[in-house]
Amino acid sequence: MLNDVELPGIKGAILDVDGVLHVSMSPVPGAAEFLAGLNARSFPYRLLTNTTTASRATLAAKLRAIGMPIADDHLITTPVATAAYVARRFPGEPCYLLVKGDAAVDFRAAGVNVVGPDGEPDAGVVVIGGAEDELTYARLDHAYRLLLGGAKLVTMHRNIAWKTAKGMQLDSGPFVRALEIAAGVRATLIGKPALPYFRQAIRDFALPASSLAMIGDDAKNDLAPAHRLGLKTILVRTGKPVGPDEEALADVTVDSVLNLTM
């Protein structure tokens, strides 16, 4: 039951992280208690995130440090998924990785040949994540020239912005689009809203999609693809702005996970 709204048959949940459980690593009130309640009932859930500025182990540790009672295997992250894709699709190819934090750890663990911040002239694949201050002109220009030389462009996500303690902040999606336009290429998207990323999470449950709920703050990236795959959709107001268009994509809209009882 969710705010006295019945969602019959829900047996598992997929949750976004930023804007749902925390904002700039400040916990959303009630989020830790919500997860603790799921753990106590052995209610299955996964955290499906486009966060790309940390390896999975680092992100899990950061979430536990702010009180979220999660295990590493609760997390499905775009760096891990992207690293697996690059290792499979471009084995041994030098990979020019534009990302902030230690996400490169997940790439090296997958056997990806990650090159340094200045790149290599013959890098065959360019990967962009949440690079923030790493998205300098010099590095974007180097990526552009690699693409002109035939390198493939892979993006962990296409997010335009996300909510931080400072308010809405520009993400890397517009820079990915700029490279696409400049180099005349199309990026391969790995993270949300790509349907294979959601299917990866669904497979972890061994349950039909119709018995799962997606909880997110982003109607376009969280709810729309989940709805296409048959999940129930729950929109929370603790992250990105919510208006009538966003609510139209949700089966249920609540102020925060504090309002949810599953």
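Biologist: Which strand has the lowest mean pLDDT among the elements of the protein chain, and which the highest?

Modeller: This is a predicted model. Strand β10 (residues 161-164) has the lowest mean, 82. Strand β9 (residues 152-155) has the highest, 98. The protein chain averages a pLDDT of 92, and 95% of the residues score at least 70.

Biologist: Where does pLDDT stay under 50?

Modeller: Over residues 1-5. The model has eleven contacts there beyond four places in sequence. Where pLDDT is low, the predicted coordinates should not be read in detail.

Biologist: How many aromatic pairs are there?

Modeller: The count is one aromatic pair. The ring centres of Tyr85 and Phe90 lie 6.3 Å apart, and the cut-off is 6.5 Å.

Biologist: Why is the pair of Tyr85 and Phe90 called edge-to-face?

Modeller: Edge-to-face needs planes over 60 degrees apart. The planes of Tyr85 and Phe90 are at 75°, so the pair is edge-to-face.

Biologist: What makes Tyr85 count as buried?

Modeller: Buried means under 20% relative accessible area. Tyr85 has 17%, so Tyr85 counts as buried. Phe90 has 12%, so Phe90 counts as buried too. In helix α3, the buried residues include Tyr85, Thr78, Pro79 and Val86.

Biologist: How do you know that the span of helix α3 agrees with what it should be?

Modeller: Helix α3 (residues 78-89) has twelve residues. At 1.5 Å a residue, they should span 16 Å. The end C-alpha atoms are 16 Å apart, so the two values agree.

Biologist: What lies over the face of Phe205?

Modeller: Arg46 does, at 5.9 Å from the ring centre. The cut-off for that distance is 6 Å.

Technical notes
Residues are numbered from 1 along each chain as its sequence is written. This is a predicted model: local features need pLDDT of at least 70, side-chain atom pairs count only at pLDDT 80 or more; totals for chains, interfaces and linings use all residues. Side-chain values use heavy atoms; hydrogens and water are left out. Rings of Phe, Tyr and Trp (its six-membered ring) pair if their centres lie within 6.5 Å; planes under 30 degrees apart count as stacked, over 60 as edge-to-face and the rest as tilted. Buried means under 20% relative accessible area, exposed over 50%, partly exposed in between (1.4 Å probe, protein chains only). A charge sits over a ring if NZ of Lys or CZ of Arg is within 6 Å of the ring centre and within 35 degrees of the ring normal. Helices (H or I, at least four residues) and strands (E, at least two) are DSSP runs, numbered from the N terminus. The expected span of a helix is 1.5 Å times one less than its number of residues. pLDDT is the predictor's confidence in each residue, from 0 to 100. Contact means heavy atoms within 4.5 Å.
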